[in-house]
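Colleague: I would like to go through the terms used for this model, one by one. Please set each value against its definition.

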Amino acid sequence: MTAVRQIKFGFSPCPNDTFAFWGACHGAVSSPGFALMPALEDIEALNERAVQGRGWPVTKLSVPALARVADRYAVLRSGAALGFGCGPLVVCRDDSPLRTLGDLASARVAIPGLHTTAFLVLSSLGPKAREWVPMRFDQIMPAVAGGVCDAGLVIHEGRFTYEAHGMRELADLGALWEQETGGPLPLGVIAASRRFDKAMMVAIEKTVRASVELARRQPHLPRDFVRAHAQEMSDDVCNQHIALYVNDFTVDLGPRGRQAIETMLMRGRVLGMLPPGPSPFREGA
């Protein structure tokens, strides 16, 4: 019997990822000669792992982290999180004196990590805060509600729950990005190690795409996996989250999705926040 090659696949426990990649990691779609093994971690932990040279062979990455490892990883056409109306929000308490993005210059702002797309977008659209305070994304709203920080940069399900925490929206960064660029906001991508040869890279890409398509076609199949990693989230919030972040771009980036990633990389480099580097796409992809 031929041994099956086990390949670690790093992605987040957020509903969009567990929904989209359930099939790829549970043998529900074809993966000839290999098996993708789930390694679930917070997106910033995945970013830091890759930047430090400890990244999983296949991994989700924020675009700023991708810029730092483009010599070692190539973006797959499937599995990305990008789109319209799905950007991060800057929020503050209802009673906060903050009124505009410009007010962040005098504020202490909680962010979900220095390598996240959300932080890059905020840095390109707003002023430098008095202090950036990196923390896990799920700790941001409690930190703002408790007065530890003046404002917070929320991602994932925070879009749907911030009002329940006594907060209001200060800015929708996704909407501002769309106004400036006319394209979708790229939040994260799935990348594979360039150590894989082209045939393996294509095979992994096909498996990821088939997993996304299966989940969209039969959404009941990954439900238990999604719920197991989103126990504190209501079914309604889970469903909103999935509907927003798993879309046609997740199936295939296409030219528009690819252009959005290249636009973000260019803007980050112009700002001096991202290093120069090679294209993050495979040759001929």
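This is a predicted model: local features need pLDDT of at least 70, side-chain atom pairs count only at pLDDT 80 or more; totals for chains, interfaces and linings use all residues.

Colleague: How many helices and strands are there in the protein chain, and what makes a run count as one?

Modeller: The protein chain has 12 helices and 11 strands. Residues are numbered from 1 along each chain as its sequence is written, and side-chain values use heavy atoms, with hydrogens and water left out.

Colleague: How do you know that the radius of gyration agrees with a compact globule?

Modeller: The rule for a globule is 2.2 Å times the number of residues to the power 0.38, with the radius taken over C-alpha atoms. For 285 residues a compact globule would come near 19 Å, and the protein chain has 18 Å, so the two agree. The C-alpha trace spans about 65 × 40 × 30 Å along its principal axes.

Colleague: Why is Gly 55 called partly exposed?

Modeller: Gly 55 has 23% relative accessibility, so it counts as partly exposed. This glycine lies in the loop between α2 (43-51) and β3 (58-62). Leaving out residues up to four places away in sequence, Gly 55 touches Arg 49, Ala 50 and Tyr 73, a contact being heavy atoms within 4.5 Å.

Colleague: What makes Phe 119 and Trp 132 an edge-to-face pair?

Modeller: A search of the whole structure finds 4 aromatic pairs. The ring centres of Phe 119 and Trp 132 are 5.0 Å apart and their planes lie at 85°, so the pair is edge-to-face. Rings of Phe, Tyr and Trp (its six-membered ring) pair if their centres lie within 6.5 Å; planes under 30 degrees apart are stacked, over 60 edge-to-face, and the rest tilted. Phe 119 sits in helix α4 (residues 117-125) and Trp 132 in strand β8 (residues 131-134), 13 residues apart.

Colleague: Is Phe 119 buried or exposed?

Modeller: With a relative accessible area of 7%, Phe 119 is buried.

Technical notes
Helices (H or I, at least four residues) and strands (E, at least two) are DSSP runs, numbered from the N terminus. Buried means under 20% relative accessible area, exposed over 50%, partly exposed in between (1.4 Å probe, protein chains only).
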